[in-house]
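This briefing covers the interfaces of a complex, one of its chains, and two local features. The sequence and structure come first, and the notes follow by topic.

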Amino acid sequence: MTLLDIKNMRVEFPGRHGVFTSVDDVSLTVAEGEILGLVGESGAGKSTVGNAIMGLLQPPGKMVQGEVILHGERIDQLSKSDYRSIRGKRVAMIFQDPMTSLNPIETIEYQLVETILTHLDISREEAKKRAVDLLDQVGIPDPHIRIKQYPHQFSGGMRQRVVIALALCVEPELIIADEPTTALDVTIQAQILQLIKDLCRNRNLGVILVTHDMGVIAETADRVAVMYRGRLIEMGDTDQIMHDPKEPYTRSLIAAVPPSNKKINRFPKVAIEESDGNALQNFDLQGHWLGQGDAFDTSHSNLLEIENLNKRFVIQDAFFKRNRKYLDAIKDISFNVKAGETFGLVGESGSGKSTVARVITGIHTANGGSMRFAGMDLTGDVSAKQKSQVRRDIQMVFQDPYSSLNGRMKVGSIIAEPMIVNKLTSGKEERTEIVMDLLELVGLGKEAARKYPHEFSGGQRQRISIARALATRPRFLICDEPTSALDVSIQAQILNLLKDLQEELKLTLLFISHDLPVIRQMCDRIGVMRHGDLVEVAETEALFERPQHSYSQVLISQMPKFAK
Amino acid sequence: MDMLKRAMESDLYWSFRQSPVAMASAAVALSLILASIFAPLIAPYNPFDPASLNLMNGFSSPMEPNQFTQDVFWFGSDDQGRDVLSTILYGMRISLFVGFAAVLFAMIIGVVLGLISAYVGGRTDAFIMRIADIQLTFPSILVAMLIFGIAKGFTPVHLRDQMAIWVLIVSIGLSDWVQFARVVRGAALVEKKKEYVEAATLVGRGPVAVIFLHILPNVLSPVLVIATISLALAIIAEATLSFLGVGAPPTEPSLGTLIRIGQGFLFSGEWWILFFPSVTLLLLALSVNLLGDWLRDALNPKLDD
Amino acid sequence: MISYIIKRAMQSVVVLLAVGLVAFGMFRFVGDPIDNMLGQERTDADVERLRELLGLNDPFIVQYWDFLTGAIQGDMGVSFRQGRPALDIILERLPATLELATVSAVFAMVMGILLGIYTAINRKGFVTTTILTTSLIGVSLPTFLIGILLIYIFAVELGWLPSFGRGDVVDFGWWTTGLTSWAGIKSLILPAITLGLYQMTLIMRLVRSEMSEILRQDYIRFARARGLTEKTINFRHAVKNTLIPVITVAGLQIGSIIAFSIITETVFQWPGVGLLFIDSVQFVDIPVMASYLMLISVMFVGINFIVDMLYLAIDPRLRDGKEG
């Protein structure tokens, strides 16, 4: 039976540059006991649909057209107080970040009881009992004890369970889950998704699962609605959308998703979104300045050798040494990176994979162990000259394209800076020419040099970041989650670009990611990290097909499957 | 030209044009500043030239011809026959000079210490911030008074009046650096965590270059906001100190000194001696404050409402 | 938690020691104590004898120690102007200032918090705009001008309230109060408003911006999504979260009131310690300045310590020694 029926919804946000239509003529339905996946890239308007159903659009946003019908009753025109009595009682919502969704200074019990008493006419004692039951149902152990605690005493996954318990308080008919697992690690994500699935089946709830993650959709949803720039592009059963999409946008979107079950050489070109320019065309890189870096010492098959590396941080300083609290971010790890290969480091948040990158680049100093780069010891006494040499040879592409570029500098200056600092060019003219070439190379075009970073999208900024890294003519490029902040179609382009550059410039790559399918597409060999330990190093296919360590097995079994 | 074009197209300028309050206060502040810069050209009299003073002109009402000399004073004259308008123009010069100089002084100390504190961290940071905390425990006006008192103790008696203005600048400046240091440190800590700072280190920039070429330009907007608000506070602080008699000397009266003098005539009916300097001080402080308030909202979209 | 309290207590002691150092520095280096104590007709032998007597020949650290132990026992030196112990002079003036400061602080806190909450919840509208505009004018008006304005309206023009002094005061020997008589209360009204107005404005603006920030948090949105009433969201969730950080700053503001009373006391000729301090600055009466500084510091540090402990009692995140 139809639970929710949205007819021709249109949401507008008036602003400085005119009226922005966030949702344009969207119609969809959700049945009881059904999970509808609402999928799209950033700016698609998928979250706005959820907020509009709840009547919680951020001002000045307004639903200017359409109807929202819940069980045959139109709700979008209800008065404020009538709408409020629906929220939490008949329609509930789960937000993305469990760390900020709960009031930090009230106990879990207070927040649960308060919600229950708002909607149900029962005694406080009954409400308390019900609250304990709810925590039990969402899988929180020792609910009697934990209910008296404050949000900060719960881990991220447990907090999201509390948020779900709050949403279930009064047995709603419909739950809108807005990216409910995006802030969580893979293993916890799988548990939360399973919980949502079970609740939907057992209680015959309707669920709208808003997400950008095709893997999550494929695993969880019964039907899928695909949105693009405010419009509903396509809607159908999950199987059909995943394997036989009708619309070109859906097709290219699906094509851009890295498959979890096999390695493909390149991602197919995505037709829409920003253009790729003519990256890598018209370039004879061998003869170009970029191809004439430091002489390559080929006698070492291992470009980077790491042995028993340690890094510990002081997380709480104290006057007496014994009272200090430490965090061992990396514990005794050893691995080698062969010249010309792509070595992957994979792990959940807090596993220490980014710390490895920062120790290699010298941003952090190791507490023990040794690192050798092209035969040179990096941990012992190195002369300043050698140090700057190594710095030049090792460059990095960062995770967040919005914070990795200095917003007060023009793109041209950002890319020229490494050459100026290291005196790599003969003069300003040559430098300008190389900046232009680099911009062409990463597919942005010469005009980009005169603009500021904020004039570019996330994917374009990541290209600028790559161009900057290349400006020292490095041999070793560290990519720290280079695409985790990007939409999937942009991610495919950036990954292609990195692959091409590696081939042309004979780069060695250290590729760090939490995203297993991406790692599978990019890497030759992979190291799996957990709590600062390197638990397994293996060839890519061997790791995915026959993981040896128990943690690798869990990680690979829990990853959202998206097969092609 | 490029700079100008960019400025005209910027969000800041757009929000400036959207805010009548901001435009009006900018106009008022600018005219007051210009009037005080060109005081010697604009002022009808030079109130500090004994030759131009005539005791017969004492207590003339505004706009009315003096009963003895028939001289007309727009804003009236004081007990010694000085033109109130002229004393205000000259007094505002001193108020503004002290205000700007003190803010500049505070800004330089605060920004440098704040940047060092954020970038170096550890014990240096703890030390600087502890001093700031201790000073913050005491209201800046009290700190300024104390510094003024101590400095006065150090200055030889015959130099006290001459040095008063400079002592005033140092006391207000030293009492206000903490604001800058804390804001800059906070902003710099946020910037320091951003990846562009790591990127700059990776391409080979040293710490000094990273601080001044990369971090500093990115923390300038909060500094601008604090500087504007501090200017209003410094003008008020100067006026307060002078009003209390521990600031500008009677030989170089600032607006605060004029109000101190005028207060004496409150009960005897010569209201204009008190009224006009007070209104000028209010206009000056209010316009700068309104500008600062607008600037804070405009540069911080998060607090936009 | 215990270690946190000890840490804060130690910090307070460090602050007092630092202030003590400043006060001591004033004694030792500003002006020459010998000059202040001996007249023109002195011999080198006199000077040397006095130096020895005052301990001026001892090492710096010993002198500082002597100063501190003296200060703890209430010996802050003798006023250059009045020739009486500086601390005695200050203590007999203290009740007047404390009475004024307390009344203004209560006024500033209550009004500031109420108006702040009101303007944060009702972001637009005539009343909010009026309050905010008035408050900005309030911030731009120096305290002394507000005082003069009030005197002009209520004392000169209307003649309702006295323009200076404390009115009738009852003396208990260790404390004096004006609160027991109508004349005393009438004398208190104008100075208290003058002193509290600026702090009230600051607290109001702080509460407003803090609460606006809180109202934008995810947990407030989530509270709406749970169907809670606006009243519950505003007055339970938002106000409680707002007041936690506000307490710290408000505590500091209360401390400031004592110092700001210098200005108000001057305008209204209120016979408190502020008026005394201003006189001592004008005449470079170092012992009085130093004693005032020490006394004020003890009060500030005490207030700060209490505020910190309050914070600890309210915020569960802090209680567990964790950051939220």
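Buried area is the accessible area, taken with a 1.4 Å probe, that two parts lose on being put together, summed over both. On that definition, chain B and chain C bury about 3900 Å² between them, and chain C and chain A bury about 2400 Å². The model is predicted.

**Chain B with chain C**

- The contact involves 44 residues of chain B and 48 residues of chain C.
- Carbon and sulfur atoms give 76% of the area buried between chain B and chain C.
- One salt bridge is counted between these two chains; C:Arg205 forms a salt bridge with B:Asp293, with the closest N and O atoms 3.3 Å apart.
- Two residue pairs are in polar contact between chain B and chain C, with both residues at pLDDT 80 or more.
- On the side of chain B that touches chain C, at least two residues each come from H6, H7 (140–154), H11 (220–244), H12 (255–263) and H13 (272–299) of chain B.
- That side of chain B divides by class into 27 nonpolar, eight polar and nine charged residues.

**Chain C with chain A**

- Here 23 residues of chain C are in contact with 29 residues of chain A.
- Of the area buried between chain C and chain A, 56% is on carbon and sulfur atoms.
- The residues of chain C that lose the most area to chain A are C:Arg221, C:Phe222 and C:Arg226, which together account for 28% of what that side buries.
- Three salt bridges are counted between chain C and chain A; A:Glu106 forms a salt bridge with C:Lys240, the closest N and O atoms being 3.5 Å apart.
- The count of residue pairs in polar contact between chain C and chain A is 15, both residues being at pLDDT 80 or more.
- Helices H9 (218–225), H10 (230–268) and H13 (316–319) of chain C each supply at least two residues of the side that touches chain A.
- H10(C) gives the most to that side, with seven residues.
- By class, the side of chain C that touches chain A has six nonpolar, five polar and 12 charged residues.

**Chain B and its helix H6**

- Chain B has 13 helices and zero strands.
- Of the 305 residues in chain B, 51% are buried.
- Among contacts in chain B with a separation of 6 or more, 71% are between residues 24 or more positions apart.
- Helix H6 of chain B covers residues 122–137, 16 residues in number, and reaches 22 Å from its first C-alpha to its last, close to the 22 Å expected at 1.5 Å a residue.
- The buried residues of H6(B) are B:Asp125, B:Ile128, B:Met129, B:Ala132, B:Ile134, B:Gln135 and B:Thr137.
- An α-helix has 3.6 residues a turn, so residues three or four places apart point the same way.

**A:Thr220**

- A:Thr220 lies in helix H8 of chain A, residues 214–220.
- A:Thr220 counts as buried because its relative accessibility is 4%, and buried means under 20%.
- The side chain of A:Thr220 reaches the backbone oxygen of A:Val216 at 2.7 Å.
- Leaving aside neighbours within four places in sequence, A:Thr220 is in contact with A:Ile35, A:Leu193, A:Lys197 and A:Leu209.

Definitions and conventions: Residues are numbered from 1 along each chain as its sequence is written. Chains are lettered from A and ligands numbered from 1 in the order in which they are written. This is a predicted model: local features need pLDDT of at least 70, side-chain atom pairs count only at pLDDT 80 or more; totals for chains, interfaces and linings use all residues. Side-chain values use heavy atoms; hydrogens and water are left out. Helices (H or I, at least four residues) and strands (E, at least two) are DSSP runs, numbered from the N terminus. The expected span of a helix is 1.5 Å times one less than its number of residues. Buried means under 20% relative accessible area, exposed over 50%, partly exposed in between (1.4 Å probe, protein chains only). Contact means heavy atoms within 4.5 Å. A salt bridge is a side-chain nitrogen of Lys or Arg within 4 Å of a carboxyl oxygen of Asp or Glu. A polar contact is a pair of N or O atoms within 3.5 Å; within protein, one must be able to donate a hydrogen and the other to accept it, and residues adjacent in sequence count only if both atoms are side-chain atoms. Ala, Val, Leu, Ile, Met, Phe, Trp, Tyr, Cys and Pro count as nonpolar, Asp, Glu, Lys and Arg as charged, and the others, Gly among them, as polar.
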